[in-house]
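Thanks for coming, everyone. Please look at the sequence and the structure on the screen, and I'll walk you through them.

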Amino acid sequence: MKTDRIEKQILLRAPRARVWRALTDSTEFGTWFGVTFDGAFRPGAQMNGVIVGTKVDPEVAQLQKPHYGKRFEISIEQMEQERLFSFRWHPHAVDAKVDYSGEPATLIVFKLEETAEGILLTVTESGFDQIPLARRAQAFKANEQGWEVMIKVVEEYVARNP
Amino acid sequence: MRGIPKSRAEDTAQSSAALFAALGDQKRLWLVARLCHDGPASITRLAAGARITRQAVTKHLRVMEHAGLVRSSRRGRERVWQLEQHKLDEARRYLNQISLQWDEALERLRALVEA
């Protein structure tokens, strides 16, 4: 059972170059993600960012407000022109009092594929099995015994007991 | 929004951690599935299908009871165990919420590139 990774796909009706820029231009990335970085993304770069709130969705920006000004660090891995972009981060690293640098990081990979309707973007986040259980509960749905199973169990139960 | 939790997520994160730790065991997941499928059951009945001892079943139920996932009540001469639905609802809501974080971030990306 796959508990180490999350995979998401989205079809973007936009040119490949546009999607690539939104992902790999640090200012553009910050626009939708809600963070400002101290420079340009390049392979191997350690990026220091600050959470500022997304500019794309005011409602989400409002929800991000408690985290404004907090540090947000990512470490760029690969940049294969208009095809693949990857970086590492510490999931849910939002407590200013905690030093996350010694903890394992997850790997986020964006893959771009051309289709007839647009760009199929696949995002995977992996490495969850290395993250301490308490942190996982804060950050995502996965654990070594299979939260996927648990989710199904819970959903089935709730469906039977509305 | 990925990596940036909503404040409500933070509030519930701690109790969810205990909840998920209680479920982080295949035997316990099996017991939850069994109670979910068959309804309230005694330890004897649970142990019969679990291929583990009554003592082990009892131990697992106690862990889950501590996390608020199950409770027991006396029915005639035996004690029966059942799931606490509100606790499972809480788990489901929390899991749904965190699973949406990537979806939400990607929707914002879409809004930007398709504009």
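Start with helix H1 (residues 16-24) of chain A and helix H2 (residues 26-33) of chain A: their axes come within 5 Å and cross at roughly 80°. Axes here are lines fitted to C-alpha atoms, for helices over the stretch in contact, and angles run from 0 to 180 degrees between N-to-C directions. H1(A) and H2(A) are therefore roughly perpendicular to each other. On that scale, angles under 35 degrees count as roughly parallel, over 145 as roughly antiparallel, 65 to 115 as roughly perpendicular, and the rest as oblique.

Before I go on, this is a predicted model: local features need pLDDT of at least 70, side-chain atom pairs count only at pLDDT 80 or more, and totals for chains, interfaces and linings use all residues. Residues are numbered from 1 along each chain as its sequence is written, while chains are lettered from A and ligands numbered from 1 in the order in which they are written.

Which residues of H1(A) and H2(A) meet? From H1(A) come Arg21(A), Ala22(A) and Leu23(A), and from H2(A) come Glu28(A), Phe29(A) and Trp32(A). Contact means that the C-beta atoms of two residues, placed from the backbone, lie within 7 Å. The residues of this contact split into 4 nonpolar, no polar and 2 charged. Nonpolar covers Ala, Val, Leu, Ile, Met, Phe, Trp, Tyr, Cys and Pro; charged covers Asp, Glu, Lys and Arg; the others, Gly among them, are polar.

Stay with H2(A). Its buried residues are Ser26(A), Phe29(A), Thr31(A), Trp32(A) and Phe33(A). A residue is buried if 20 or more other C-beta atoms lie within 10 Å of its own, exposed if 12 or fewer, and partly exposed in between; those C-beta atoms are placed from the backbone. After H2(A) comes Gly34(A), with a positive phi near 100°.

**The rest of chain A**

Chain A has 5 helices and 7 strands. Both are DSSP runs, numbered from the N terminus: helices are H or I with at least four residues, strands are E with at least two. Along the sequence the pattern is β-α-α-β-β-α-β-β-β-β-α-α. Of the 162 residues in chain A, 36% are buried.

Now some strands. Strand S3 (residues 46-51) of chain A and strand S4 (residues 71-80) of chain A run antiparallel, joined by 5 bridges. Two strands pair if DSSP finds at least two bridges between them. Asn48(A) has Glu73(A) in S4(A) as its bridge partner. S4(A) also pairs with strand S5 (residues 84-89) of chain A, antiparallel again, over 4 bridges. There, Met79(A) has Phe85(A) as its partner. S4(A) and S5(A) make a hairpin with 3 residues between them, and Glu82(A) in the turn has a positive phi of about 60°.

Look at Ser86(A), in strand S5 of chain A. Is Ser86(A) buried, exposed or partly exposed? Partly exposed, because Ser86(A) has 17 other C-beta atoms within 10 Å. Beyond four places in sequence, Ser86(A) touches Glu77(A), Gln78(A), Leu107(A), Ile108(A) and Val109(A).

**Over to chain B**

Chain B has 5 helices and 3 strands. From the N terminus, they run α-α-β-α-α-β-β-α. Buried residues are 34% of its 115.

The 3 strands form an open sheet, in the order S1-S3-S2 (chain B), with antiparallel pairing. Strand S1 (41-42) and strand S2 (70-75) of chain B are at the edges, each with a single partner strand, so one side of each has no neighbour in the sheet. Ala41(B) has Trp81(B) in S3(B) as its bridge partner. Helix H2 (residues 26-38) of chain B lies across S1, S2 and S3 of chain B, at about 95° to S3(B).

**The cores**

A nonpolar core is a set of buried Ala, Val, Leu, Ile, Met, Phe, Trp, Tyr and Cys residues joined through C-beta atoms within 7 Å. The largest has 29 residues, and Val19(A), Ala22(A), Leu23(A) and Val113(B) touch the most other members. Helix H5 (residues 85-113) of chain B gives the most to this core, with 5 residues. Another core, of 15 residues, lies apart from it, with Leu31(B), Leu35(B), Ala41(B) and Leu83(B) among its members.

One last residue. Ala111(B) sits in helix H5 of chain B. Leaving aside neighbours within four places in sequence, Ala111(B) contacts Val56(A) and Asp57(A).
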